[in-house]
Amino acid sequence: MTVLRAHAEDEYAEELALLAKEDDRPRPPGWALSPWAVTTYVLGDGSRITPKYVGARRIVEVAVATLATDRALLLLGVPGTAKTWLSEHLAAAISGDSTLLVQGTAGTPEEAVRYGWNYARLLADGPSREALTPSPVMRAMAEGRIARVEELTRMPSDVQDALITALSEKTLPIPELNTEVQAQRGFNLIATANDRDRGVNELSSALRRRFNTVVLPVPATAEEEMEIVTRRVAQLGRSLQLPETTTGLEEIRRVVTVFRELRDGVTEDGRTKLKSPSGTLSTAEAISVLTSGIALAAHFGDGVLRAADVAAGLVGAVVREPAADRVVWREYLETVVRERPDWHDFYRACREVS
């Protein structure tokens, strides 16, 4: 494929087809797979089905069970906890289509969650079905599919509340045409949100009541986070067709350790308290740092991922606000990294770019 990033239903089409062929369990109306098969697709089976999400099985089971009811699903968590990733794969497994997406921003208009108009047709022929431009939510209702709303709390409050009728009444009125779109069986909505970043608009109590909320935690252990990072870095390397590189697990462990210690405000042995920088230092950012490092090692190094390849990206991820974060980073380098006997090359590389 020549696309830079394939949709989940295209990239994992063989796995979805295999599960559909062998799936003999009850399927909710409009679902391509049973809830059991959807969960297996997301978590993997240890052999033929690769895991898409690494975490507690119960979290995924609760999310899938919610979507089998008339309640919408809200995936809540700090940035980098795979909310978007999980929502895409859930939609792909349930509907076979993860593209019915509304991206929430401060400028998202109400038309993005209801409908708009083709103004050329509207001026020429007046209000009509042909002049109406359905939103992804309206299309999902009409086709009985899963709609996705990313960064729900980024959207203005009045735009958020445009979802209330669709979620509670399962219908979307079109007063200009004196008609409505009724949701078909299989319709539901997955929204993602976080409350850590700036520019967040709180959900109204009326809208929050329409969702079942599942909180996605940060990886519980360093080993779990390393597994996630290693898997995603390898997938991204193949997707971007980066030259073969010897990916040093030691560098992955170092990056994950730095992120976890600064994020938690304490070293992994619990002996030294640390100041935390302003950034989130999420798992997703660790993946980005290591992917950039692999590109450096492949194109400008000797093909082996080393400390010098990840240092610049790491410092850039930590030092977001130069005045405050630079002090935090320098203190961490001198009091923690410098004192670790097997981290001397890492210390020197980070000092050079700091």
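Reply: Glu110 is partly exposed at a relative accessible area of 33%, where buried means under 20%, exposed over 50% and partly exposed in between (1.4 Å probe, protein chains only). Its side chain meets that of Arg114 in a salt bridge, 3.5 Å from N to O; the term requires a side-chain nitrogen of Lys or Arg within 4 Å of a carboxyl oxygen of Asp or Glu. This is a predicted model, in which local features need pLDDT of at least 70, side-chain atom pairs count only at pLDDT 80 or more, and totals for chains, interfaces and linings use all residues. Residues are numbered from 1 along each chain as its sequence is written, and side-chain values use heavy atoms, with hydrogens and water left out.

A second salt bridge joins Arg320 and Glu285 at 2.5 Å, N to O. This pair links distant parts of the chain, 35 residues apart: Glu285 sits in helix H13 (residues 283-300), and Arg320 in the loop between helix H14 (307-318) and helix H15 (322-337). Helices are DSSP runs (H or I, at least four residues), numbered from the N terminus. Arg320 is partly exposed at 46% relative accessibility, whereas Glu285 is buried at 14%.

Arg351 and Glu334 form another salt bridge, their closest N and O atoms 2.9 Å apart. Because Arg351 belongs to helix H16 (residues 344-353) and Glu334 to helix H15, the pair ties together parts 17 residues apart in sequence. Both ends are partly exposed: Arg351 has 44% relative accessibility, and Glu334 has 23%.

Glu250, Glu251, Arg254 and Asp345 are linked in a salt-bridge network. The whole structure contains 23 salt bridges.

Note on methods
Helix = DSSP H or I, 4+ residues; strand = E, 2+ residues; numbered from the N terminus.
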